[in-house]
Amino acid sequence: MAKTILICGKTGTGKTSAIRTLDPKETVILKVINRTLPFKYNGLYGKEQKNLYSTPTYDAVLKGLEWANKQPHVKNVVITDGTYIIRQEFFKKANIKGYDKFTEFAMHMQQILKAIQDLRDDIKVFMEYHVDSQVTDSGITEYKPATVGKLLDSQYNILENVDIVLFASPMYEDKSITYGFYTNRTLDRNGAEIPAKSPMGMFDEEFIPNDLAVVAKKIDEYYG
């Protein structure tokens with residue numbers, strides 16, 4: 001069973017830039033939105049782009065995962081802009097009335113997570129996901145996965161379906177900004193709840209560098 005790591009955060013908080021440290025010879029990137037990566041390319045992320053694939057639909061993501069599983073050199077799979085797996089389906093079916101389509105969206109995301117679980121044990125899958133902030137009935141501000149409406153929120157919460165959730169949020173100290181990930185539930189500088197989680201003892205720090213190679217190493221050490 002592959003390891004699933006959800007990389008959550010608002011836009012511009014360093015979710016995609018953290019890819020830069022992964023070994024390109026062992027990494028495949030599935031791009032739900034076909035945009036350029038926000039860092040200087042190196043190795044196979046460069047002109048050859050042998051490990052960059054456009055996967056704009058959920059079935060394309062499934063095929064990309066199936067292909068990566070057959071490549072013994074692949075140890076890391078990154079799904080960029082994972083939120084848009086659902087959103088792009090929603091845009092295509094915006095004129096279709098009824099609620100069945102939302103159940104279908106949730107089913108497709110669950111199929112992707114099931115496909116990830118069925119990959120080889122030595123593969124780690126990093127899926128980026130955007131978040132929205134909301135105020136609960138008790139008046140607490142918290143972050144939730146960005147979806148396409150309350151109906152889907154009531155049916156499916158991706159945070160409940162993965163064991164590791166890293167939350168990208170810059171840390172501000174004086175005039176400096178440090179980009180990184182929170183590893184467990186905490187409050188941000190505005191008092192909003194951050195829904196990060198990781199297995200007990202996997203990370204020594206509450207806040208770790210914006211570096212997926214470090215994350216991959218910690219996971220390998222933890223699970224042996």
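Visitor: What share of the contacts with a separation of 6 or more comes from residues 24 or more positions apart?
Guide: In this protein it's 66%, with contact meaning heavy atoms within 4.5 Å. This is a predicted model, where local features need pLDDT of at least 70 and side-chain atom pairs pLDDT 80 or more, while totals for chains, interfaces and linings use all residues. Numbering starts from 1 along each chain as its sequence is written, and side-chain values use heavy atoms, leaving out hydrogens and water.

Visitor: OK, how many helices and strands?
Guide: Five helices and 13 strands, taken as DSSP runs (H or I, at least four residues; E, at least two) numbered from the N terminus.

Visitor: Take strand 2: buried or exposed?
Guide: Mostly covered: five of the five residues in 27-31 are buried, i.e. under 20% relative accessible area with a 1.4 Å probe, protein chains only (exposed is over 50%, partly exposed in between).

Visitor: Which residues sit on which side?
Guide: T27, I29 and K31 are on one side, V28 and L30 on the other, and both faces are covered. In a regular strand, side chains alternate between the two faces of the sheet.

Visitor: Which strands does strand 2 pair with?
Guide: Strand 4 (residues 76-80), parallel, through five bridges, and strand 3 (residues 52-54), also parallel, over three bridges. Pairing takes at least two DSSP bridges. I29 partners V78 in strand 4 and stands opposite L52 in strand 3.

Visitor: Switching topic: why does Y172 count as partly exposed?
Guide: Because its relative accessibility is 42%. Y172 belongs to strand 8, residues 171-173.

Visitor: And how much of the whole protein is buried?
Guide: 48% of its 224 residues.
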